[in-house]
Amino acid sequence: MPRPMEFDQTFRFIFKVLRLIGYSSYLTSYPDTFLGRLKSNAVFAVCFVMLGYCVFGQAINIVLLMTGYRRTDQIIEEVAIQVSCTGFCIIGLAKMYSLMYNRDTLYGLIKDFRVKWNADRLTEKDRLIRDRKLRPAVTISTVAAVGNIVMVSAFNFQPVVEMVSARMATGEWAKLFPYVIWFPFNSTSGPIYYILYLFEIYSGVIVCVGTAGFNSIFCLLSSHLSMQLILVRSWIESSVKAKDGNAGKSRENLRRIIEYHQDLLRFKDALQEIFSTTLFLNFAASSVLMCMQLYLITTAGYALMIKFTLFMQCILLEIFILCYYGEEIVVHSSSIANGAYNSNWYLSGSSKQNPRYGKSLILVIQRAQRPMILTAWKFWPLTIGTFSAILQTSWSYFTLLRTVMH
């Protein structure tokens with residue numbers, strides 16, 4: 001039998017990964033002094049500026065391509081490459097900023113979940129439900145984060161394979177970069193080329209770690225909320241004991257469950273506040289990015305096809321996981337109504353000693369029939385239906401682009 005999970009275990013891996021780009025752990029309080037906050041965010045600030053310059057340099061290249069200052073025989077392909085890379089970096093930059101801007105709110109939310117996790121009233125059955133729900137979530141978020149990092153790393157080192165192939169074919173070394181970024185000097189001259197190559201590789205690490213960290217924290221917090229909703233359903237189903245139907249005890253159990261549910265509604269609002277705006281940007285950009293990548297996969301050469309297939313997989317996996325865990329909250333918050341109806345309400349709710357119990361239970365059912373729905377800026381609900389809609393939109397953009405180009 002596996003050992004019971006500890007609360008810190010659910011976030012331990014992703015916080016270790018986030019340290020690669022200077023994030024401090026959300027499991028501890030934020031420094032109170034300005035100097036303390038500046039010191040704890042020094043590495044992150046450097047990483048943020050590095051990625052910010054990558055976005056700036058790629059945007060300059062797009063302008064140069066569109067205005068004709070940078071000549072190329074395949075301008076549509078080059079623009080598609082630049083838009084895909086720039087969009088991915090912008091999303092990563094926004095997610096890094098969101099995590100740091102909402103640092104205190106995240107700490108408070110994680111602290112509240114820790115209190116619920118360690119509550120004395122939890123039974124052995126409750127702990128079993130808790131572990132069964134969180135273990136898969138921790139595994140999935142870990143695998144997704146590692147997969148994201150591996151795929152982006154493969155993208156970063158693709159130029160090395162191309163340079164070796166060119167050397168074997170022509171006998172000369174071609175100096176290539178993972179990303180086409182504008183620099184105000186000759187980026188391929190002398191040892192500066194190797195420094196800039198390392199700069200771009202680490203920038204790729206920054207964007208994939210920042211993105212994976214944001215996604216994993218959202219998924220883990222959503223899983224904690226879903227697990228608590230499962231517990232609420234379990235409690236409300238057993239709030240009236242069939243063997244005695246004690247009216248006073250049933251009323252007290254229901255009162256505590258309602259208060260607990262109200263806490264979870266507050267947690268949902270905190271999740272909405274932290275992630276909503278950034279997820280809107282993520283979803284809005286994803287349709288365009290996947291359209292561009294589909295175009296590159298179907299029209300570009302073999303090397304670019306491999307590179308942007310990996311890119312496509314990253315975005316598909318990211319959007320699916322975000323929508324899946326949003327769907328989990330919808331499903332489990334709705335199931336509370338079924339839990340209330342399946343309780344032994346007829347033993348206490350219709351009792352002359354406790355006529356208000358049935359009325360209170362009806363209110364619980366009515367509230368649960370309005371499920372908790374996280375939205376991307378109150379525009380896209382985080383559900384599997386939204387994932388399907390994004391795919392359909394991307395495919396529509398892609399077919400339109402192919403029709404125009406051919």
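**Close-up views of a predicted model**

**View 1. What lines the largest pocket.** The lining of the largest pocket splits into 16 nonpolar, three polar and seven charged residues. Keep in mind that this is a predicted model. The largest pocket comes out at a volume of about 460 Å³. There are 26 lining residues, and those closest to the pocket centre are Arg70, Glu78, Phe177, Tyr179 and Val180.

**View 2. Helices around the largest pocket.** Helix H3 (42-67), helix H4 (75-101), helix H6 (124-170) and helix H9 (302-342) each put at least two residues into the lining. Which helix gives the most to the lining of the largest pocket? That's H4, with five residues.

**View 3. The largest nonpolar core.** This core takes in 120 residues. Tyr23, Tyr26, Ile217, Leu221, Leu225 and Phe275 have the most contacts inside it. Helix H7 (residues 192-237) brings the largest share of the core, 23 residues. As a bit of background, nonpolar side chains tend to be buried together in soluble globular proteins.

**View 4. Zooming in on Leu225.** Leu225 is among the core residues with the most contacts inside the core. Skip its neighbours within four places in sequence, and Leu225 is in contact with Phe113, Leu264, Phe267, Lys268, Leu271, Ile329 and Met372.

View 5. Thr277 sits in helix H8 (residues 247-299).

Terms used. Residues numbered from 1 in each chain as written. Predicted model: local features only at pLDDT ≥ 70, side-chain atom pairs only at ≥ 80, totals over all residues. Heavy atoms only, no water. Core = buried A, V, L, I, M, F, W, Y, C linked by side-chain atoms within 4.5 Å. Buried < 20%, exposed > 50% of the residue type's maximum accessible area, 1.4 Å probe, protein only. Helix = DSSP H or I, 4+ residues; strand = E, 2+ residues; numbered from the N terminus. Contact = heavy atoms within 4.5 Å. 1 Å grid on protein atoms, 1.4 Å probe; cavity = no way out; pocket = protein on both sides within 12 Å on 5 of 7 lines; lining within 4 Å. Points joined across faces, edges and corners; volume = space filled by probe spheres on them. Nonpolar A, V, L, I, M, F, W, Y, C, P; charged D, E, K, R; others polar.
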